[in-house]
Amino acid sequence: MNPSPINWLLSLMLLFVASEAGILVHKVDLLIYNDLQNGTFLTIHCKSKQDDLGVHLLAYRDYFEVKFRPNMFGTTLFYCSMQWDATTHWFDIYTSERDTCTYCSWNVRPDGPCLMESDKSKNSTTCYHWN
């Protein structure tokens, strides 16, 4: 016996409502801080496949913030170009495979970005070096 179209429609609606309510996918609060030397401005330009978050100029200790829900397929990716003085780097600032934080705070430093993760279950810092 085949399920009726009404059952399929109700199932899809329930999945959509659960996803939008954050039951299936958590909301992420992502912050990027300029932790370069005092007086050094950081220009960042962040994007995903679907969204261009624009260019932002951050003074020392200023930050850029974006809030989003990762997709339920686990393929969410945000990448940023970061430029100061005569230096430019690209970095994947959020990947679903690597990042499990709901509050992700990045400090951009001359030697690489550091992720400060704060969740109910853990607080940790992970630093990366530029390639």
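Over the ring of which residue does the charged end of Arg98 sit?

Analyst: The charged end of Arg98 sits over the ring of Tyr128, at 5.4 Å from the ring centre. A charge is said to sit over a ring if NZ of Lys or CZ of Arg is within 6 Å of the ring centre and within 35 degrees of the ring normal.

Some notes on reading the model come first. The model is predicted, and local features are reported only at pLDDT of at least 70, side-chain atom pairs only at pLDDT 80 or more, while totals for chains, interfaces and linings use all residues. Residues are numbered from 1 along each chain as its sequence is written, and side-chain values use heavy atoms, with hydrogens and water left out.

Arg98 also takes part in a salt bridge with Asp99, whose closest N and O atoms are 2.8 Å apart. The term salt bridge requires a side-chain nitrogen of Lys or Arg within 4 Å of a carboxyl oxygen of Asp or Glu. The two partners may be described by their accessibility: buried means under 20% relative accessible area, exposed means over 50%, and partly exposed lies in between, using a 1.4 Å probe and protein chains only. Asp99 is buried, because its relative accessibility is 2%. Arg98, at 28%, is partly exposed, and Tyr128, at 25%, is partly exposed as well.

Rings of Phe, Tyr and Trp (its six-membered ring) pair if their centres lie within 6.5 Å; planes under 30 degrees apart count as stacked, over 60 as edge-to-face and the rest as tilted. Seven aromatic pairs are counted by this rule. One of them joins Tyr33 and Tyr63, a tilted pair with 5.1 Å from centre to centre and 40° between the planes. This pair links distant parts of the chain, as Tyr33 is in strand β1 and Tyr63 is in strand β4, 30 residues apart. Strands (E, at least two residues) and helices (H or I, at least four) are DSSP runs, numbered from the N terminus. Tyr33 is buried at 16% relative accessible area, whereas Tyr63 is partly exposed at 43%.

Tyr128 itself pairs with Phe91: the ring centres are 5.5 Å apart and the planes stand at 55°, so this pair is tilted. Because Phe91 lies in strand β6 (residues 87-95) and Tyr128 in the segment after β9 (123-127), the pair ties together parts that are 37 residues apart in sequence. Phe91 has a relative accessibility of 13% and is therefore buried. Elsewhere, Phe68, Phe78 and Tyr94 make up one aromatic cluster.

In β1 (residues 28-34), seven of the seven residues are buried, which means that the strand is largely enclosed by the rest of the structure. Val28, Leu30, Ile32 and Asn34 are buried on one side, and Asp29, Leu31 and Tyr33 are buried on the other. Strands pair if DSSP finds at least two bridges between them. β1 pairs with β4 (residues 63-68) in the antiparallel sense over six bridges, and Phe64 is the bridge partner of Ile32 there. With β7 (residues 103-109), β1 runs parallel and is joined by six bridges; in β7, Ser105 is the bridge partner of Leu31.

The loop between β1 and β2 (42-47) holds Asp35, which is buried at 19% relative accessibility. The structure holds three salt bridges. In one, Asp35 meets Arg61, with an N to O distance of 3.4 Å. Arg61 lies in the loop between β3 (52-58) and β4 and Asp35 in the loop between β1 and β2, so this pair ties together parts that are 26 residues apart in sequence. Another salt bridge joins Asp35 and Arg109 at 3.0 Å, N to O. This second pair also links distant parts of the chain, since Asp35 is in the loop between β1 and β2 and Arg109 is in strand β7, 74 residues apart. Arg61, at 36%, is partly exposed, and Arg109, at 26%, is partly exposed.
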